[in-house]
Amino acid sequence: MWYVYILQSLKNSFYYVGFTNDPERRIFEHNSSLKKNSFTYKNRPYKMVHLEKYHSKIQAMLREKFLKTGKGREEIKKLSSD
């Protein structure tokens, strides 16, 4: 299984969208200092506000790509407020 996840920064409310096959590991990595992705590192800590499951990596990648567009950002606001 593959997952698309949306994290929200507890520091400044920014959203981060990603995909993975292990969501628990990824949120741990985003919140720790082990992986220093420049965006997530300086905006941590994060909480997961949305998670979607997909059968293939390609489906998850396409969904992540959409959520990073203007229309996708509008959808993120709706999804995270539910």
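Modeller: Happy to! Keep in mind that this is a predicted model. Pro-45 sits in the loop that runs between helix H2 (38–42) and strand E3. The peptide bond joining Arg-44 to Pro-45 is cis, with omega at about 5 degrees.

Now follow the chain into E3, which covers residues 46–54. E3 belongs to an open sheet of 3 strands, ordered E2-E1-E3, with antiparallel pairing. Strands E2 (15–20) and E3 are the edges of this sheet, each pairing on one side only. From one strand to the next, the twist averages 20 degrees. In general, the strands of a sheet pair through backbone hydrogen bonds, and they can do so in a parallel or an antiparallel way.

The partner of E3 is strand E1 (residues 2–9): 8 bridges join the two, and they run antiparallel. To see one of these pairings, find Leu-7, whose bridge partner in E3 is Met-48. Helix H4 (residues 70–81) packs on the sheet and touches E1, E2 and E3. The direction of H4 makes about 90 degrees with that of E2.

There is one more loop to visit, the one between E1 and E2, where you will find Ser-13. Ser-13 has a positive phi of about 70 degrees, although it is not a glycine. Ser-13 is also partly exposed, with a relative accessible area of 44%.

Terms used. Residues are numbered from 1 along each chain as its sequence is written. This is a predicted model: local features need pLDDT of at least 70, side-chain atom pairs count only at pLDDT 80 or more; totals for chains, interfaces and linings use all residues. Side-chain values use heavy atoms; hydrogens and water are left out. Two strands pair if DSSP finds at least two bridges between them. Helices (H or I, at least four residues) and strands (E, at least two) are DSSP runs, numbered from the N terminus. Axes are lines fitted to C-alpha atoms, for helices over the stretch in contact, and angles run from 0 to 180 degrees between N-to-C directions. Contact means heavy atoms within 4.5 Å. Buried means under 20% relative accessible area, exposed over 50%, partly exposed in between (1.4 Å probe, protein chains only).
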